[in-house]
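I set out to record what could be looked up in this structure, entry by entry. I began with the overall make-up and then turned to packing and single residues.

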Amino acid sequence: MNSETLSLDQYEAGTSLWADAWIRLRRNKLAIFGLIVLVCVTFLCLITPWIAPYGYEEQNLALGASGPSAQHWLGTDTLGRDLLTRILYGGRVSLMVGLIATAVALIIGVTYGAVAGYAGGRVDTVMMRLVDIIYALPFMIFIVLLMVVFGRSLFLLFLAIGAVEWLTMARIVRGQVQTLKQLEFVEAAQSIGLPQWTIIWRHIIPNALGPVIVYTTLTIPNVMLLEAFLSFLGLGIQPPQSSWGVLISLGVESMEEYPWLLIFPGLVLSLVLFSLNFLGDGLRDALDVRASKD
């Protein structure tokens with residue numbers, strides 16, 4: 001029997017969408033590599049307070065910017081702060097901003113797009129025209145206004161970024177739902193009298209997750225870069241805290257004299273972005289409805 005196919009017993013017992021997706025995901029070596037990297041990086045960032053060799057505020061002005069050494073594996077910045085420690089602490093902030101702001105965008109965008117696509121007609125027209133109007137607004141100014149009016153809170157930064165990143169997600173989900181609601185399994189659910197919200201959440205949205213997952217893996221790095229830009233304007237992460245975006249921005253300013261200040265944060269961010277893309281591609285294929293029929 002071919003090892004790439006499900007066993008006869010599994011077919012007879014039946015498997016869920018998620019079980020089938022996990023079986024297909026495990027065959028994708030790059031996706032598993034990306035998942036392992038993300039889990040390892042996230043774990044290291046979570047335990048940073050217990051493993052970091054120095055405090056993220058600890059300075060050594062006499063040392064200044066120095067290259068990698070036995071005492072400072074990735075070198076120090078212009079204030080003599082250990083770069084490895086700042087990368088680990090910066091990862092905590094960058095991952096939180098990326099994940100929480102993206103989660104806010106997912107909740108709003110998936111719900112909004114699913115309702116618009118399933119309802120259709122005038123409801124869909126009104127809801128999507130509202131999306132078009134919001135799209136026309138300069139969202140960066142909207143974020144800046146939120147931060148100015150309500151204060152420079154890290155939690156508010158999550159909400160502000162997530163509140164403007166849901167628009168494309170809503171459009172993607174709407175298009176998927178409009179296609180899926182014409183399929184036989186939705187008609188069967190409607191024919192047995194299932195409530196509309198049950199059909200949307202249990203039958204349509206799970207089958208629309210492939211493109212949503214892929215876009216999510218693109219949204220997380222975009223959110224990280226947006227946070228870095230806001231920090232550059234003085235509206236995001238405030239010193240002495242840092243994020244990967246902030247470290248890269250500081251590294252760009254002194255890349256000719258101290259290249260390690262740009263190289264190491266850039267490598268870490270690039271590794272995470274590649275891992276997200278690999279995992280997103282793997283999840284897209286694993287969650288493809290058509291793949292479950294192969």
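The entries below follow the order in which I looked things up.

**Entry 1. Confidence.**
I noted first that the model is predicted. The mean pLDDT of the protein is 81, and 88% of the residues score at least 70. I then asked which helix has the lowest confidence and which the highest. Helix α1 (residues 8–13) is lowest, at a mean of 47, whereas α3 is highest, at 92. For residues 1–6 I found a pLDDT below 50, and beyond near neighbours in sequence this stretch has 8 contacts in the model.

**Entry 2. Secondary structure and overall packing.**
I looked up the elements and found 14 helices and 0 strands. Of the 294 residues in the protein, 43% are buried. I also checked how far apart in sequence the contacting residues lie: among contacts between residues at least 6 apart, 71% join residues at least 24 apart. The accessible surface comes to about 15,700 Å², and carbon and sulfur atoms account for 67% of that area.

**Entry 3. The largest nonpolar core.**
Which residues of the largest nonpolar core touch the most other members? The core has 22 residues, and I listed Val-41, Leu-83, Ile-87, Leu-95, Trp-244 and Val-272 in answer. Two or more residues each come from α3 (29–46), α5 (83–119), α12 (209–232), α13 (244–253) and α14 (260–286). The greatest contribution is from α14, which supplies 7 residues.

I followed Leu-95 in detail. Leaving aside residues up to four places away in sequence, Leu-95 touches Val-41, Thr-42, Cys-45, Met-224 and Trp-244. I then recorded a second, separate core of 17 residues, with Val-177, Val-186, Ile-205 and Leu-209 among its members.

I searched for disulfides and found 0 in the structure.

**Entry 4. Aromatic pairs.**
A search of the whole structure gave 3 aromatic pairs. One of the pairs is Phe-274 with Phe-278, a stacked arrangement with 6.2 Å from centre to centre and 25° between the planes. I classed this pair as stacked because the angle between its planes is under 30 degrees. Both residues belong to helix α14, where they are 4 residues apart, about one turn of the helix. The relative accessible area of Phe-278 is 25%, so Phe-278 counts as partly exposed.

**Entry 5. Ala-228 and its contacts.**
I located Ala-228 in helix α12. With a relative accessible area of 8%, Ala-228 is buried. Which residues does Ala-228 touch, not counting those up to four places away in sequence? I found Gly-245 and Val-246. Between Ala-228 and Gly-245 the C-alpha to C-alpha distance is 4.6 Å, although the two are 17 residues apart in sequence.

Notes. Residues are numbered from 1 along each chain as its sequence is written. This is a predicted model: local features need pLDDT of at least 70, side-chain atom pairs count only at pLDDT 80 or more; totals for chains, interfaces and linings use all residues. Side-chain values use heavy atoms; hydrogens and water are left out. A nonpolar core is a set of buried Ala, Val, Leu, Ile, Met, Phe, Trp, Tyr and Cys residues joined through side-chain atoms within 4.5 Å. Buried means under 20% relative accessible area, exposed over 50%, partly exposed in between (1.4 Å probe, protein chains only). Contact means heavy atoms within 4.5 Å. A disulfide is a pair of cysteine sulfur atoms within 2.5 Å. Accessible areas come from the Shrake-Rupley method with a 1.4 Å probe; for residues, only the protein chains shown count as cover. pLDDT is the predictor's confidence in each residue, from 0 to 100. Rings of Phe, Tyr and Trp (its six-membered ring) pair if their centres lie within 6.5 Å; planes under 30 degrees apart count as stacked, over 60 as edge-to-face and the rest as tilted.
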